[in-house]
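Okay, thanks everyone for coming. Let me put today's structure up on the screen, and then we'll walk through it together.

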Amino acid sequence: MIIATTTFKENLETLYNSLERKERELNKVSSISFYCLKENLENKEEIQRFIELLHNEESPNDWRYDIIHSILESLINNYDVNNEEEAQEHIDCISDSLVNVYNYGLAKWLCEDVSRGYFDSSSEISSIYDVNHSESIYGVIMKRQYEEIYTMASKIVDYCS
């Protein structure tokens, strides 16, 4: 644990409160909201290093920041966890709820970084979900996206413990 507070829940809240929502203009008529680290944070360098670790060697991107925010929000607000054991009980449900169910969204997610097309052979998720050859490509992408989300959630729980 790098964050210097006393409880697991406080560490989750510190990480959650380190993110802020901003708007990025796409064109003259529309914009998109995204999450990023706040500018004036205590422990900013430490938290930034951890956020980079959660990006799993990808360049910083909106999808990762959004998922990090959603995981933290679920652990704090939806499940009100107080310790690592409680958090571990909910990681599967949280990860499953954050996987995109729309084919277009899954294809877009895969296209944003081609390294997402490969399962991590050391991941416990890879051993649980064997790829069925009759399964659609979107089912496979959903499993891959689940693996990424689950890994990020596990790292957040470990970090805050």
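This is a predicted model: local features need pLDDT of at least 70, side-chain atom pairs count only at pLDDT 80 or more; totals for chains, interfaces and linings use all residues.

Let me give you the overall layout. The protein chain has 7 helices and 2 strands. If you walk along from the N terminus, the order of elements is α-β-β-α-α-α-α-α-α. There are 161 residues in the protein chain, and 40% of them are buried. And if you take the contacts with a separation of 6 or more, 64% of those are between residues 24 or more positions apart.

Okay, back to leucine 54. Is leucine 54 buried or exposed? Its relative accessibility is 1%, so leucine 54 counts as buried. Who does it touch? Setting aside its neighbours within four places in sequence, leucine 54 is in contact with Arg64, Ile68, Met152, Lys155 and Ile156. Take the lysine from that list: lysine 155 is 101 residues away from leucine 54 along the chain, yet their C-alpha atoms are separated by 7.3 Å.

Some of those partners turn up again where H3 and H7 meet. These two helices pack at an angle of about 55°, and their axes are 10 Å apart. The crossing itself is right-handed. On the H3 side you have Trp63, Arg64, Ile67, Ile68, Ile71, Leu72 and Leu75, and they meet Gln145, Glu148, Ile149, Met152, Ala153, Ile156 and Val157 in H7. Sort that contact by class and you get 11 nonpolar, 1 polar and 2 charged residues.

Now for another partner of H7. How do H4 and H7 run relative to each other, and why? H4 covers residues 84–98 and H7 covers residues 137–160; their axes come within 9 Å and cross at roughly 155°. Over 145 degrees counts as roughly antiparallel, and therefore H4 and H7 are roughly antiparallel to each other. H4 passes H7 in a right-handed crossing. H4 contributes Glu84, Ala87, Gln88, Ile91, Asp92, Ser95, Asp96 and Leu98, while H7 brings Gln145, Tyr146, Ile149, Tyr150, Ala153, Ser154, Val157 and Asp158. By class, this H4 and H7 contact divides into 8 nonpolar, 4 polar and 4 charged residues.

Last topic: the aromatic rings. How many aromatic pairs does the structure hold? There are 3 aromatic pairs, and I'll show you two. One of them is phenylalanine 50 with tyrosine 159, which is stacked, at 3.7 Å centre to centre with 10° between the planes. Phenylalanine 50 is in helix H2 and tyrosine 159 is in helix H7, so we're looking at distant parts of the chain, 109 residues apart. Both of these residues, phenylalanine 50 and tyrosine 159, are buried.

The other is tryptophan 63 with tryptophan 109, and this pair is tilted: 5.4 Å centre to centre, 55° between the planes. Tryptophan 63 belongs to helix H3 and tryptophan 109 to helix H5, so the pair ties together parts that are 46 residues apart in sequence. Tryptophan 63 counts as buried at 15% relative accessibility, and tryptophan 109 is buried too, with a relative accessible area of 2%.

That's my tour, so over to you.

Conventions
Residues are numbered from 1 along each chain as its sequence is written. Side-chain values use heavy atoms; hydrogens and water are left out. Axes are lines fitted to C-alpha atoms, for helices over the stretch in contact, and angles run from 0 to 180 degrees between N-to-C directions. Helices (H or I, at least four residues) and strands (E, at least two) are DSSP runs, numbered from the N terminus. Angles under 35 degrees count as roughly parallel, over 145 as roughly antiparallel, 65 to 115 as roughly perpendicular and the rest as oblique. A crossing is left-handed if the near helix is turned anticlockwise from the far one by less than a right angle, and right-handed if clockwise. Contact means heavy atoms within 4.5 Å. Ala, Val, Leu, Ile, Met, Phe, Trp, Tyr, Cys and Pro count as nonpolar, Asp, Glu, Lys and Arg as charged, and the others, Gly among them, as polar. Rings of Phe, Tyr and Trp (its six-membered ring) pair if their centres lie within 6.5 Å; planes under 30 degrees apart count as stacked, over 60 as edge-to-face and the rest as tilted. Buried means under 20% relative accessible area, exposed over 50%, partly exposed in between (1.4 Å probe, protein chains only).
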